[in-house]
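This report covers the overall fold of a protein chain and a selection of its salt bridges. The sequence and structure come first.

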Amino acid sequence: MIYSMTGFGKAEYIFSDHKTIVEIRSLNSKQLDLTIKLMPHFHDKETEIRRLLSAALERGKVDVAVYMTDIAGASSAEQSYTPINKEAFKYYYRELSALKEELQMPETTNLLPTIMRIPDVMRQAVDNGLDDEEWAILQTAIQQALDAFNAFREQEGAALEKMFTEKLDGIAALLQEVEPFEKNRVENIRQSLIKNLDKLAEETKQQVDKNRLEAELIYYLEKLDITEEKVRLTNHIKYFREVMSEGVKELMSEGAKGVGKKLGFIAQEMGREINTLGSKSNQSEMQIIVVKMKDILEQIKEQVLNVL
């Protein structure tokens, strides 16, 4: 099977009076591009969290968020600060109001921003970070989020595999459609060349060397022969299927992940053969078939970018 680079996973747990949520999202990327967003409560474990995630992820633009809410559902950002110290606020308001009157400051002078910046009025709550028990629970939650994330990727990968199979079947079917035109084409080319040479011989009153003609015909027809291209394209299609179905042993040991680049290389080789078919197709019907192949292959290449 193959895995998509698009994924989503979520896990949560309740500890003390708050709920912690872990979310993992990803899109396609050539390398691992990991972004982690943590609330201050988790900052002291950022290195360990990054290590856990990096070991479990391969490629993709991955965004990870770890945040808290209280049991009632309020944002834990509200819990990061103590309530306003009303007594301190009243005291500073009286003192500053008296000073304002003494200095004859304008009535429009707003004292509120000044008071709110005084440490005694609004103080940030002390956060000692995670203790050992909560850290162990958080690690479990991260693993659960990763499991859900990988399950999502596997499900998306199955849809991609189905699409690839249909597209490969389409290219293989078009390749079969080439054969009737190929047989007729060789004979048509032979007859056309002989006819034109006979006409030329009649006009110039010179005989054509039949042995030389046959040699030139064989050389020309060999240049237009597409047998090798058809064989190679068929093999590439077969190999693409094998990689998707874990037919490559070295990939099976890793759960068939990391095959996106290999599938991309195979698609490139398929493109080479189809282009060569097009360059050797001097018949409109064959050229139409080649265009259809190219269209299908472009759809494959576009989606291969989403394969892990």
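Of the contacts in the protein chain between residues at least 6 apart in sequence, 79% join residues at least 24 apart. The model is predicted. Its protein chain has nine helices and four strands, and from the N terminus on these elements follow the order β-β-β-α-β-α-α-α-α-α-α-α-α.

Of the 308 residues in the protein chain, 34% are buried. The chain exposes about 18,700 Å², and carbon and sulfur atoms supply 52% of that area.

The structure holds 11 salt bridges.

| Salt bridge | N to O distance |
|---|---|
| Glu12 and Lys19 | 3.7 Å |
| Asp169 and Arg241 | 2.7 Å |
| Arg232 and Glu229 | 3.7 Å |

In the pair formed by Glu12 and Lys19, the closest N and O atoms are 3.7 Å apart. Glu12 has a relative accessibility of 41% and therefore counts as partly exposed. Lys19 is partly exposed because its relative accessible area is 26%, a value in between the limits of under 20% for buried and over 50% for exposed.

A salt bridge also links the side chains of Asp169 and Arg241, at 2.7 Å from N to O. Asp169 lies in helix H4 (residues 132-204) and Arg241 in helix H6 (residues 227-244), so this pair ties together parts that are 72 residues apart in sequence. The relative accessibility of Asp169 is 39%, so Asp169 counts as partly exposed. Arg241 is partly exposed, with a relative accessible area of 27%.

Helix H6 also holds the pair of Arg232 and Glu229, whose side chains meet in a salt bridge at 3.7 Å, N to O. The two residues are separated by about one helical turn because they are three residues apart in helix H6. Glu229, at 5% relative accessibility, counts as buried, since buried means under 20% relative accessible area. Salt bridges with shared partners join Arg232 and Glu229 to Glu228, Glu273 and Lys280 in one network.

Methods: Residues are numbered from 1 along each chain as its sequence is written. This is a predicted model: local features need pLDDT of at least 70, side-chain atom pairs count only at pLDDT 80 or more; totals for chains, interfaces and linings use all residues. Side-chain values use heavy atoms; hydrogens and water are left out. A salt bridge is a side-chain nitrogen of Lys or Arg within 4 Å of a carboxyl oxygen of Asp or Glu. Buried means under 20% relative accessible area, exposed over 50%, partly exposed in between (1.4 Å probe, protein chains only). Contact means heavy atoms within 4.5 Å. Accessible areas come from the Shrake-Rupley method with a 1.4 Å probe; for residues, only the protein chains shown count as cover.
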